[in-house]
Amino acid sequence: MSASKPPAQSAGPLRPPRTISDEFRELQTTVRLFQNQLDTPDGTIGLHPFGPVNIEQTYTTFIQSCHRLRSSLLAYKDTTLASWGQLLASSAQYPDTPTAIASKRAYAAIQELGEMHKITDALHEDISGCQKILFDAAGDAISRTVVGAKSLVLLAERLRACAKRLGLAHYTDVQRRDGVDITTVTLAGGISVIDVDIGPRWDHMHVKISVSDISHDARIDTLMLKRLQAGDIHGFERLVEEMARLDQLTRTKSPVNFIHNTFAVAATLSEIQKQELSVLDGDLLRVLKCGSGVALPYVRHVGPSTLYFMPASVQHGLSGDDWAQIKSNTMHEVTELPQCMWLDFAWEPSNKQHWFLSEQVQQYCVSAEHMADDSGPYTVVSHKHPLIGGLELQFLETDPTADAKDQNTAYSIPYTLVARVSPALPSCALTVRQIMAATGHSASSVSHDSPRLLEDAPTLERLVCANTTRTVHNVGATKMQINMEAPQIRAWSISRVPIAHMREIMEVVPLLRRQAVFNELLDSCAAVEDSGSGEHAANITVKTFANDPFRIDMYVQAEQGVSMGVVLRVTEDSSILAWTHQTLGVSESDLSLLSSIPPASLTTATSHVTLSKAAAISSSIPIIAHWLLTHH
């Protein structure tokens, strides 16, 4: 079925005018949203530009709610209260007249009605909360019933209910194909149509998406079909909701086509990866280490995604065929790889104007062979890659001061692209400030990394290591006890990063990845490397620094009385460099001097090459300590 405009639907009953209680309730919801972010379970700071809440949108909503509430109160004062004031003043002069008596009765009734409104408002809020809980529970029960019974009839009913909830038109058609009856449930938006073919068996299903005048990526069909066949009804409905949201934005924010720009973002990420691979000899692991991540569109949601970090243990467990499948985006289980970190791209409202591509332009990053004369109203600007030497990428840009009518193919509206960090990344303030600088935000609102001012302030060490301060590890036949000194690094949580231009991805991804590598090192202090038993061989003390938040000092005390010191540091390209106390000129009898070694002395030239390689391969403090003990 091709995409077409659905028939006009009834507008439904007219909504009653908003009351003062409605305005108060909306304002309370906005304030409650802020409170929920401040009261995070792990105690991290989420109220900043990269927190889970779109601060710009919330701020605008708060101002608008206050303005509407003020207008409602002034209108009530100037009309209702003024009229009653005149009436009561008149009744006071003539208290025994029928009009005065009726006014007093009416005034008492209004007071009683006001008290009833307070009660009903509270009841309305409670019922709304109960309704949401009930609907969620009912939805889960229906999904379990649909999947458990593999009822195709219930599945069709659930799809129609989903369309109704999202405001989509829905149609049902039954046709006989190849001797079997196929039921097609169609969910139609303004410019997009989702056809779900349901056959006689659960595995006889097909999903097809059509978009007016746009050739979409068939991998979205595959993603939706996988969710259905796996029985993940909620997951499928979330994908439909994403598609419906893009459809709505495209219709309401014309002439910007959000569906086309979503595909353009995916194409841009793939082009960046293609050019990085061409310089790195096609080595995807090096792209994952120093590039802009692995572009894997339509494997997690209806939109582009980037795999920006993969733990060392997972990397070593993948075969050459696995890497080839990831590179070609044909590895079906890629989203199930443990402890990987992703960026999922979506659109959010913004207080600033951001420009979008027209349907005639397919991506923001152009190939090296692109001719400047073919760029129309755009300017082709070259940007050096921050980590890959010799690589320059060309991006399309527009003059922000130019008239949109004159540009003809570029549109500007108050919406922005957002990279949603999944899972949220605990970070030091330095990472937050660097990302702010890379994306054009003011860093004045983020404090410096400093020792905790309060005992209950969240710290990176406690958060990553789950409040573990002492652990025992078994690596081979060696048993080690790791003790962490008092945490020093204040923790922030990065959940989403607004992107003003696609070129910023080249700078943002390395910053996130560096923090993820450091967190992996910290986490190794709490994670058990091996469950085997062995003889106790060493005590290890781990120390972090507020003024150098990517540095870890290790003090190893072996059973034989041998003491060793090591400095580990995660560099800007996410490498892990290591220095022994010998290479830094510190004697074994005075290892405490390690902490006074300034960062300027920790250079690549002075690092221990073999130990640095062991640290980079393992990203594990117990394994690094084991290497020290066996090579001493």
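Visitor: Which residues does E237 touch, not counting residues up to four places away in sequence?

Guide: The model is a predicted one. In it, E237 touches R158, C162 and R165. E237 itself is found in helix α6, residues 233-252.

Visitor: Why is E237 called buried?

Guide: Buried means under 20% relative accessible area. E237 has 7% relative accessibility, so E237 counts as buried.

Visitor: How do you know whether F258 and W347 are buried or exposed?

Guide: The cut-off of 20% decides here as well. F258 has a relative accessible area of 0% and is therefore buried. W347 is at 11% relative accessibility, so W347 counts as buried too.

Visitor: What makes the pair of F258 and W347 edge-to-face?

Guide: Two rings pair if their centres lie within 6.5 Å, and planes over 60 degrees apart count as edge-to-face. For F258 and W347 the centres are 5.6 Å apart and the planes are at 85 degrees, so the pair is edge-to-face.

Visitor: What makes the pair of W347 and F356 tilted?

Guide: Planes under 30 degrees apart count as stacked, over 60 as edge-to-face and the rest as tilted. The rings of W347 and F356 are 5.1 Å apart centre to centre, with 45 degrees between the planes, and the pair is accordingly tilted. F356 is buried, as is W347. Ring pairs join F258, W347, F356 and Y415 into a cluster, and the structure holds seven aromatic pairs.

Visitor: Why is β7 said to be largely enclosed by the rest of the structure?

Guide: Of the 17 residues of β7, 13 are buried, so the strand is largely enclosed by the rest of the structure.

Visitor: How do you know that strand β6 and β7 pair?

Guide: Pairing requires at least two bridges between the strands. Four bridges join β6 (residues 305-309) to β7, and the two run antiparallel. T306, for instance, has L343 in β7 as its bridge partner.

Visitor: What makes β8 and β9 edge strands?

Guide: The open sheet of three strands has the order β8-β10-β9, with antiparallel pairing. β8 (365-366) and β9 (379-384) each have a single partner strand, so one side of each is left without a neighbour in the sheet. V366 has Q394 in β10 as its bridge partner.

Visitor: How do you know that the charged end of R514 sits over the ring of F550?

Guide: The charge must be within 6 Å of the ring centre and within 35 degrees of the ring normal. The charged end of R514 sits over the ring of F550, 3.9 Å from its centre. Likewise, the charged end of R551 sits over the ring of F545, 4.6 Å from its centre.

Visitor: Which members of the largest nonpolar core touch the most other members?

Guide: They are M224, M310, I326 and M554, in a core of 144 residues. Helix α14 (residues 505-524) gives the most to this core, with 11 residues. A second, separate core has 10 residues, including Y555, L577, V586 and L594.

Visitor: With which residues is M224 in contact, leaving aside its neighbours within four places in sequence?

Guide: M224 is in contact with I194, V207, I209, F236, L239, V240, M243 and V302.

Key. Residues numbered from 1 in each chain as written. Predicted model: local features only at pLDDT ≥ 70, side-chain atom pairs only at ≥ 80, totals over all residues. Heavy atoms only, no water. Core = buried A, V, L, I, M, F, W, Y, C linked by side-chain atoms within 4.5 Å. Buried < 20%, exposed > 50% of the residue type's maximum accessible area, 1.4 Å probe, protein only. Contact = heavy atoms within 4.5 Å. Phe/Tyr/Trp six-rings, centres within 6.5 Å; stacked < 30°, edge-to-face > 60°.
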